[in-house]
Amino acid sequence: MVTGVPTPPSDRRALIRRADRFLTHWSLRADGPYLSGIAALVLPVTAADGTPAALKVQHLGEESAGEPTALLTWAGDGAVRLLAHDPPTGTLLLERLDEHRPLSALPDIREAVDVLGALLARLTAHPAPPGLRRLGDMARGMTARLPRALRAEPDPGTRRLLRDCAAALGEVADEPGDRLLHWDLHYGNVLAAARAPWLAIDPKPLAGDPGFELLPALANRYDPADTRRRFDALTAALGLDRERARAWTLARVLQNRLWQLEEGGAGRPRDDVRLAVGRALRAL
């Protein structure tokens with residue numbers, strides 16, 4: 001129930017040791033091999049009462065800290081259910097979903113976009129609980145980091161795009177929203193389930209405007225000819241004001257490029273699909 005590049009070997013060993021401890025602590029039986037993600041391992045298990053579940057062990061960080069809070073708030077409404085968790089380590093016992101049937105494998109991208117839009121509408125209908133990161137704070141941080149990023153950006157066209165993204169952010173930053181956001185809902189983070197056709201996994205929760213949720217659905221399984229149709233379908237599914245959603249999506253494009261530049265991975269900006277989405281939305 002995680003996706004991404006393999007966990008580094010040393011981290012993997014530490015996570016396996018923790019998983020072994022919680023297999024005993026929660027009286028679980030392993031049912032299969034580990035599934036590896038960027039900073040987590042998930043092990044299919046069966047609980048003592050026969051309930052199929054998934055044990056997720058992960059390294060705690062800013063992004064993962066709010067995951068149990070978000071899952072408890074959703075209480076299974078569009079997302080995987082949280083069965084138990086250990087706050088000091090961030091270890092989670094989750095409802096078992098079908099890791100062999102991700103939404104990313106659905107051949108019809110239009111159907112996949114509709115599924116994602118329906119899930120986002122359900123998830124963002126919930127007000128954010130206290131204690132989560134807030135989009136308003138992120139917006140202020142992006143604005144503060146922009147001048148340095150513009151100096152580091154090697155491509156003149158991308159510098160112009162980033163300025164336009166920052167201007168769009170400035171139009172909406174005073175009303176950052178208060179909904180519970182998943183923040184990473186792409187097609188690989190949706191799995192088939194027994195109790196529902198599709199459920200979201202692996203949130204990186206924050207409180208904010210639902211318009212900030214759209215970029216992963218536009219950039220994953222990217223098709224430049226389909227960007228506007230996807231944007232229209234998603235904004236309609238969530239009942240969003242298109243101009244505000246456009247502004248928040250451009251803000252998300254800015255955020256992604258800031259990360260790339262700060263990590264020294266500027267790369268070839270013309271080939272970055274998120275920047276391509278930004279250019280397409282700028283032209284709307």
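The structure, a predicted model, holds 18 salt bridges.

User: Are Lys56 and Glu67 buried or exposed?

Analyst: Both Lys56 and Glu67 are buried.

User: Why is the pair Asp164 and Arg282 said to tie together separate parts of the chain?

Analyst: The side chains of Asp164 and Arg282 meet in a salt bridge at 3.0 Å, N to O. Asp164 lies in helix H5 (residues 156–172) and Arg282 in helix H9, so the bridge joins parts that are 118 residues apart in sequence.

User: Why are Asp164 and Arg282 called partly exposed?

Analyst: The term applies between the limits of 20% and 50% relative accessible area. Asp164 has 36% relative accessibility and therefore counts as partly exposed. Arg282, at 30%, therefore counts as partly exposed as well.

User: How do you know that Asp178 and Arg179 form a salt bridge?

Analyst: The closest N and O atoms of Asp178 and Arg179 are 3.2 Å apart, and the definition asks for a separation within 4 Å, so the pair qualifies. Asp178 has a relative accessibility of 42% and so counts as partly exposed; Arg179, with 23%, is also partly exposed. Elsewhere, salt bridges that share partners join Arg29, Asp31 and Arg96 into one network.

User: Why are H8 and H9 called roughly antiparallel?

Analyst: Two packed helices are described by the angle between their axes and the distance between the axes. For helix H8 (residues 242–262) and helix H9 (residues 273–282), the axes come within 9 Å and cross at roughly 150 degrees. Angles over 145 degrees count as roughly antiparallel, and H8 and H9 are therefore roughly antiparallel to each other. The crossing of H8 past H9 is left-handed. On the H8 side the contact is made by Arg246, Thr249, Leu250, Val253, Asn256 and Arg257, and on the H9 side by Arg274, Leu275, Gly278, Leu281 and Arg282. By class, the residues of this contact of H8 with H9 are 4 nonpolar, 3 polar and 4 charged.

User: What makes H5 oblique to H9?

Analyst: The axes of H5 and H9 are 11 Å apart, and the two helices pack at an angle of about 60 degrees. An angle under 35 would be roughly parallel, one from 65 to 115 roughly perpendicular, and one over 145 roughly antiparallel; the rest are oblique. The angle of H5 and H9 is among the rest, and H5 is therefore oblique to H9. The crossing of H5 and H9 is left-handed. In the contact, Thr158, Arg160, Leu161 and Asp164 of H5 meet Leu275, Gly278, Arg279 and Arg282 of H9. The contact of H5 with H9 consists of 2 nonpolar, 2 polar and 4 charged residues.

User: How do you know whether Leu218 is buried or exposed?

Analyst: Buried means under 20% relative accessible area. Leu218 has 1% relative accessibility and therefore counts as buried. Leu218 is part of helix H6 (residues 215–219). Beyond its neighbours within four places in sequence, Leu218 is in contact with Thr227, Arg230, Phe231, Leu234, Thr249, Val277 and Leu281.

User: Why does Thr227 count as buried?

Analyst: The relative accessibility of Thr227 is 3%, and a value under 20% means buried; Thr227 therefore counts as buried. Thr227 lies in helix H7 (residues 227–238). Not counting residues up to four places away in sequence, Thr227 touches Leu218, Tyr222, Val277 and Ala280.

User: Where is Leu214 found, and why is Leu214 called buried?

Analyst: Leu214 is found in the loop between strand E11 (206–208) and H6. Its relative accessible area is 0%, under the limit of 20%, so Leu214 is buried. Apart from residues up to four places away in sequence, Leu214 touches Leu120, Phe231, Leu234, Thr235, Leu238, Leu240, Ala245 and Thr249.

How values were computed: Residues are numbered from 1 along each chain as its sequence is written. This is a predicted model: local features need pLDDT of at least 70, side-chain atom pairs count only at pLDDT 80 or more; totals for chains, interfaces and linings use all residues. Side-chain values use heavy atoms; hydrogens and water are left out. Axes are lines fitted to C-alpha atoms, for helices over the stretch in contact, and angles run from 0 to 180 degrees between N-to-C directions. Helices (H or I, at least four residues) and strands (E, at least two) are DSSP runs, numbered from the N terminus. A crossing is left-handed if the near helix is turned anticlockwise from the far one by less than a right angle, and right-handed if clockwise. Contact means heavy atoms within 4.5 Å. Ala, Val, Leu, Ile, Met, Phe, Trp, Tyr, Cys and Pro count as nonpolar, Asp, Glu, Lys and Arg as charged, and the others, Gly among them, as polar. Buried means under 20% relative accessible area, exposed over 50%, partly exposed in between (1.4 Å probe, protein chains only).
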